Protein chains: 2
Amino acid sequence: MGSDYKIPYKIYLEESEMPTHWYNVRADMKNKPAPLLNPGTLQPMTAQELGGVFCDELVKQEMDDDTRLIEIPEEIRNFYRMYRPAPLVRAYCLEKALGTPAKIYYKFEGNNTSGSHKLNSAIAQAYYAKKQGLKGVTTETGAGQWGTALSMACAYLDLDCKVYMVKVSYEQKPFRREVMRTYGAEVTPSPSDTTEVGRKILAEHPGTTGSLGCAISEAVEVAVTNEGYRYVLGSVLNQVLLHQSIIGVETKLAMDKYGIRPDIIIGCAGGGSNLGGLISPFMGEKLRGEADYRIIAVEPASCPSFTRGVFAYDFCDTGMICPLAKMYTLGSGFIPSPNHAGGLRFHGMSAILSQLYHDGYMEARAVEQTEVFRAAEQFARVEGVLPAPESSHAIKAAIDEALKCKETGEEKTILFGLTGTGYFDMVAYEQFHNGTMTDYIPTDEDLQVGFDGIPKFPGNLQ
Amino acid sequence: MGSDYKIPYKIYLEESEMPTHWYNVRADMKNKPAPLLNPGTLQPMTAQELGGVFCDELVKQEMDDDTRLIEIPEEIRNFYRMYRPAPLVRAYCLEKALGTPAKIYYKFEGNNTSGSHKLNSAIAQAYYAKKQGLKGVTTETGAGQWGTALSMACAYLDLDCKVYMVKVSYEQKPFRREVMRTYGAEVTPSPSDTTEVGRKILAEHPGTTGSLGCAISEAVEVAVTNEGYRYVLGSVLNQVLLHQSIIGVETKLAMDKYGIRPDIIIGCAGGGSNLGGLISPFMGEKLRGEADYRIIAVEPASCPSFTRGVFAYDFCDTGMICPLAKMYTLGSGFIPSPNHAGGLRFHGMSAILSQLYHDGYMEARAVEQTEVFRAAEQFARVEGVLPAPESSHAIKAAIDEALKCKETGEEKTILFGLTGTGYFDMVAYEQFHNGTMTDYIPTDEDLQVGFDGIPKFPGNLQ
């Protein structure tokens, strides 16, 4: 790069330009995401029923399919100012290394201690819990990013925080627990004997390494059986995508400021929070017919909800005590192979993204983990950021698209979400370096175990 | 904070405002730092002699006491653009938590994968090595920040990188090695049997946990005995303080932009690179009589070079094969207690800072590690950044000064350097949480071991 570049390496909005509203993409959807169902009655959950699990204000946000712009409370905006606006980075060095005519941008959400975008929703959920006068919140965490984010938000607001951490991550990431403890959280490996559902799962699957669905069951049980507690969730829910829309709104503001328009938008997809947040305002334009973007969800081949799941009502948790969501799912009984190193281990997918995918507004592809780590290392060496394995799914797809441009000579503009950093994922990087990392693609029989768990009732089309 | 604040939470310079020159504070010093001495002849090292160890351009910078502004090569500025400008943060949340009228700012250097300011000099040293057509570089690393930074710079420039890592850190920070490997570096715990000096130290002190001085000896030996290699060092040297002046120059630009003038400037001090870099342009004004600032170096009580060392010529390494520097030193034979968790383990101190301290231009204080971690945790919870133990020495002193302001009611402006993040220091945080962390203040007898190693020759005043 000479000194004559027009677009800076990093585009930072001024704090005064920071968004004041979240973007609710549901307002632009003709086919709204299906409502959550009560697991007992199989009828749509009422606000009152949801209020037993979630804070009242979050219930409102969960059910609001119509308000496009929802104001971000001043206190949350002040918290955002501690680590936002996040930079939109032009990947000049990666472009050069690939020799591609494509222009690559990434929105980097890793510059905060939780190491990921999860903090955007953690502070919002903790804020509404505090405002409602609650004592504390419970949650699950997989790779640990969400738990860390929630711990930070709770420390800031002086709320109690109980985290159920998927056992395999708890063991692979010993230091994540210490970060959460630094922020005063109580961390329990899941499944555990501290809950009824945990004891049941342990009895049925004594050797289990845990799953997000199972940890969710435990956290929900603790929330509903303890006075003054509510459950909070780091992904999947409509409210979470709403909070995460700060990513997309900032990105769009920054791009508009420099007259940049992405042709392709790429995000990794586990429960869908980052991808949903990143694409929200862009998808809004697409749904209103004002612009067109190719939007690609990238998921692990070992947990392929979009590409090999079914679109059906399913439980969000293994214990089947949570509401049902209509989503692309591998079945709530599906537990990814323990050899899978990154996050993105959820059996289902955001109802919003599921509906959009079903309606043809976005694509999905599955990638294997060794190629993901190869892309991660290549990216780290030239861009100077050590990416989280989750984020690296998006890197892999972005590199593939950029290499296609190299073949065709097209100067496409590629935007992807770099959700976080991999400082706590070095066990996985070590496996990759030592050649002990393997790929795993579930067989159709493996998937059947999960699909068997999908409830057969009239609400499901299959 | 209301929405009417005048100073943003984070002041980012535009990339177009980024400094084009490093600031060489030696140009403003009446008493220049004493020259390095040849360990054989005890005469000042010539450029030719230094050229056997360091790259030619770096030798020039090491010996240049007169040029105030030295241009940053375009290629290095492009690399800086990947992670700079670094934010100058107004610690509104910490101020509020302390209830102090003081205004607290910190320059945050942790937003890059090396996790610290070390990258600022790593890329410069790697760049000049590459320019000279070398094959690779060797170095030592203590806490691992410097080794990581150098690995990143070498990966970017396609240079070979051999790192000798202090054994106690190698064992306490298993994942640091993986980050360096991700960037293609070869990492060896020191002392090792791969060098003559390492074998000698192991024979004399079989149970040693290593020290920076010892790792330096090994890295230098490898550099001078291998064709096409040079040694690079992450702190102490004049050239390193020069590169790190980017911290201070950016900080001063950002402060000037908003009309802020610090009363007190605080930095942690191990070898002195971060503190020296942060204060350079401010110290320049002070030396020229244009402004006055209180400048405070903060060091660990377990390795108290400034506060309990002597100002004398000493070896920079344990093996006594490196040039001698005139500095505050505990003696090159001094090895900090293994219970010391953070970095800042070097027995000596930058010759520039030593001279400035000797001449009364700055203060120094020593702090104990449990109080440092208490400050770190307090800071993490309100400011949302998990600080490195090293950086937390400065946090501790900044909090103390802010609390003094609370007592006196003075609205002082306090600036400190937050050099990096603590993601790889969770073993130490765990000790702190579990109550197993202890403090250690060396007795006078402990120190005598080191002082015994200080060469007795006419160049030394004692």
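The model is predicted. Helix α5 of chain A spans residues 119–131, and 11 of its 13 residues are buried.

**Cysteines**

- A disulfide would be a covalent bond between the sulfur atoms of two cysteines.
- To count as one, two cysteine sulfur atoms must lie within 2.5 Å.
- A:C405 takes part in no disulfide. Its nearest cysteine sulfur belongs to A:C93, 18 Å away.
- A:C405 counts as buried because its relative accessibility is 2%.
- For B:C214, the closest cysteine sulfur is that of B:C322. The two sulfurs are 11 Å apart, so they are too far for a bond.
- B:C214 also has 2% relative accessibility, and therefore counts as buried.

**Helix α5 of chain A: length and end**

- The helix has 13 residues.
- From its first C-alpha to its last, α5(A) reaches 18 Å. That is close to the 18 Å expected at 1.5 Å a residue.
- A:G133 follows α5(A). The phi of A:G133 is positive, near 80°.

**Helix α5 of chain A: burial**

- α5(A) is mostly covered.
- Its buried residues include A:L119, A:N120, A:S121 and A:A122. A:Y127, A:Y128 and A:A129 are also among them.
- Strands β2 (21–23) and β6 (136–141) of chain A are among the elements that cover these buried residues.
- The cover also includes helices α2 (56–63), α3 (74–83), α6 (145–157) and α11 (238–257) of chain A.

Definitions and conventions
Residues numbered from 1 in each chain as written. Chains lettered and ligands numbered in written order. Predicted model: local features only at pLDDT ≥ 70, side-chain atom pairs only at ≥ 80, totals over all residues. Heavy atoms only, no water. Buried < 20%, exposed > 50% of the residue type's maximum accessible area, 1.4 Å probe, protein only. Helix = DSSP H or I, 4+ residues; strand = E, 2+ residues; numbered from the N terminus. Expected span 1.5 Å × (residues − 1). Contact = heavy atoms within 4.5 Å.
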